[in-house]
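This briefing concerns a predicted model, and its points are grouped by topic. Please read them with the sequence and the structure side by side.

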Amino acid sequence: MRKKAQLLAAAVFTFLISCAANSQVVNIWPGIAPGSEGWTRKEMTAENTPLGTVVFNVVTPTLTAYLPEKEKATGTGIIIAPGGAFVALAIDLEGNDVARWLQQKGIAAFVLKYRIMEKKGPGIPSDMNMDEASKYGIADGIQAIKVVRQHAAEWGVAPDRVGFIGFSAGGMVTSGTLLQPDASARPNFAAMIYGGPFGVMPAIPQKLPPMFLTWAQDDPLVLPLLVKFYEALRAAGHKPEVHVFGSGGHGFGMRKQGTSSDHWTDAFYYWLEAQGLTKRV
């Protein structure tokens, strides 16, 4: 009976249809996410912050799907991982707003609300171990790719056109899905927006899917780490698409600041176009 219940739970995800047009929410794990069985924290949401809606204390990771109209659908799907230093998720600025933009372009977008550390005080803990903090989000990212491919037919996505984009800490989640040893479980393309490995530099596989990287030269938080990651990719023989803007700071996301970084979405879309990912399957 237990095995039957587990199979049933794995096969039947609880889809919660949201109020947003053509969007739906799904838990990415059939039960409690592995590794967080003992977590007792309560998820919290803060609205109308300078970053829009921000989520804290995520225990149950989900995907919110923004599906384009069928006549506009390209067959490309992109999972979006917002940033927030693994203690928060800027779910609007680096998630839902990005998803709506992609949706209008005919690209299915999936906002990943991944597990983060418990928020116990103001700011980011000075002693945070990024590799330890990121492992839950990376596991959720890898699982999210599997879920999107499993539901590819009903979501109008080609299983070989599932990409991943992440911002800041979400870029570290993205890099974790990209650099994992299991090549078959990697995304088909990946974009890291002012993000990447923020801990120990992982091994760079010899073969990787197409990559897009962007940041601003006046990023006060992680600029040296971004350059280090780019150099590691180049040393391993890869030639990622890279756009370095003169200004924009850290965490620009979909915010319009009157800086050159306002146009990162144009550069990203042209790159998708060059990869053949904006054409219908």
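The lining of the second largest pocket is made up, by class, of nine nonpolar, five polar and two charged residues. The volume of this second largest pocket is about 210 Å³, and of the 16 residues that line it, those closest to its centre are Pro-68, Lys-70, Ala-73, Trp-155 and Gly-156. Helix H4 (residues 152-155) supplies the largest share of that lining, namely three residues.

**Aromatic pairing at Trp-155**
- Trp-155, which is among the residues closest to the centre of the second largest pocket, also pairs with Phe-110, the two ring centres lying 5.0 Å apart and the planes standing at 40°, so the pair counts as tilted.
- In total, the structure holds 14 aromatic pairs.

**Packing of helices H3 and H5**
- A pair of packed helices is described by the angle and the distance between the two axes.
- For helix H3 (residues 130-150) and helix H5 (residues 169-179), the axes come within 8 Å and cross at roughly 60°, and the crossing of H3 past H5 is right-handed.
- On the H3 side the contact is formed by Met-130, Asp-131, Ser-134, Gly-137, Ile-138, Gly-141, Ile-142 and Ile-145, which meet Met-172, Val-173, Gly-176 and Thr-177 of H5.
- Taken by class, the contact of H3 with H5 consists of six nonpolar residues, five polar residues and one charged residue.

Key: Residues numbered from 1 in each chain as written. Predicted model: local features only at pLDDT ≥ 70, side-chain atom pairs only at ≥ 80, totals over all residues. Heavy atoms only, no water. Axes fitted to C-alpha atoms, helices over the stretch in contact; angles between N-to-C directions. Helix = DSSP H or I, 4+ residues; strand = E, 2+ residues; numbered from the N terminus. Left-handed = near helix turned anticlockwise from the far one by under 90°. Contact = heavy atoms within 4.5 Å. Nonpolar A, V, L, I, M, F, W, Y, C, P; charged D, E, K, R; others polar. 1 Å grid on protein atoms, 1.4 Å probe; cavity = no way out; pocket = protein on both sides within 12 Å on 5 of 7 lines; lining within 4 Å. Points joined across faces, edges and corners; volume = space filled by probe spheres on them. Phe/Tyr/Trp six-rings, centres within 6.5 Å; stacked < 30°, edge-to-face > 60°.
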